Amino acid sequence: MPQKKAAAAQRSPSKPSTPPARAKALPREVRIIGGQWKRSRLPVADKPGLRPTPDRVRETLFNWLASMAGASGGELPGWHCVDAFAGTGALGLEAASRGAANVLLCEQDAALVAQLQAAKARLSAETVRIERGNGLTALERTAAGSLDAVFLDPPFDNAALYEPSLRAAARAVKAAGAVYLEAPRRWSGEELAAVGLVEFRYLKAGAVHAHLLRPAANGTA
């Protein structure tokens, strides 16, 4: 028996093991849902904590906003918006694609700011401004009641950003304006009332809790 095993080993010499080839990482991207840049794709950088709003959530959100705007074709004509934690820029660029007159994208990461600048140039997005800095600070210095929409999509692991960002957004939007909040949990009515907001629409998609909020004085469902 040992002789047979030895002979088999001679006939089939063992090959040196080679590490398996790594699968190529597919480029991640999101698309603009509607407006003049419909179907345009935006790259998603491989950054810790970067979590772009899923396409179907954005589609629902902008249907809600267009209904608030009362315009046909899903447009947001003349709107003034701030995307306070821009990341890929998908929320702010979607608003600009749909006719917003002025959109500010705030982002602290230098590489993401460069990516946003490239997207702005590629789309010829003249109504979009990009600012490297703290989105909360940008909201706090915005004139009260001057915005139609604020998009808040902070990192899920930075809970300390949520309350002050919501409070600043509530001050910055018009009485008929909207605040979009994306969070790892649903905010209660009591928590929202404490920052001057009320839930107007809500949906959950996977780990994402998407809230469309309005100033408490005007926020009826």
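**Strands and helices in a predicted model**

Trainee: How many bridges join β4 to β5?
Mentor: Strands pair if DSSP finds at least two bridges between them. Here β4 (residues 102-107) and β5 (residues 128-132) run parallel, and the bridges joining them number five.

Trainee: Which helix makes a β-α-β unit with β4 and β5?
Mentor: The unit is right-handed: with the strands pointing away from the viewer, the path from the first strand over the helix to the second runs clockwise. Its helix, residues 110-123, is α4.

Trainee: Which strands are the edges of the seven-stranded sheet?
Mentor: This open sheet has mixed pairing and the order β5-β4-β3-β6-β7-β9-β8. Each edge strand pairs on one side only, and these are β5 and β8.

Trainee: What is the bridge partner of E182 in β9?
Mentor: Five bridges join β7 (residues 173-183) to β9 (residues 208-215), and the two run antiparallel. In β9, the partner of E182 is A210.

Trainee: Why are α2 and α3 called oblique?
Mentor: Axes are lines fitted to C-alpha atoms, for helices over the stretch in contact (heavy atoms within 4.5 Å), with angles from 0 to 180 degrees between N-to-C directions. Under 35 degrees counts as roughly parallel, over 145 as roughly antiparallel, 65 to 115 as roughly perpendicular and the rest as oblique. The axes of α2 (residues 55-69) and α3 are 11 Å apart, at an angle of about 45°; therefore the two helices are oblique.

Trainee: Which α3 residues meet R58, L61 and F62 of α2?
Mentor: Those three side with α2 in this contact, and their α3 counterparts are A90, L91, E94 and A95.

How values were computed: Residues are numbered from 1 along each chain as its sequence is written. This is a predicted model: local features need pLDDT of at least 70, side-chain atom pairs count only at pLDDT 80 or more; totals for chains, interfaces and linings use all residues. Side-chain values use heavy atoms; hydrogens and water are left out. Helices (H or I, at least four residues) and strands (E, at least two) are DSSP runs, numbered from the N terminus.
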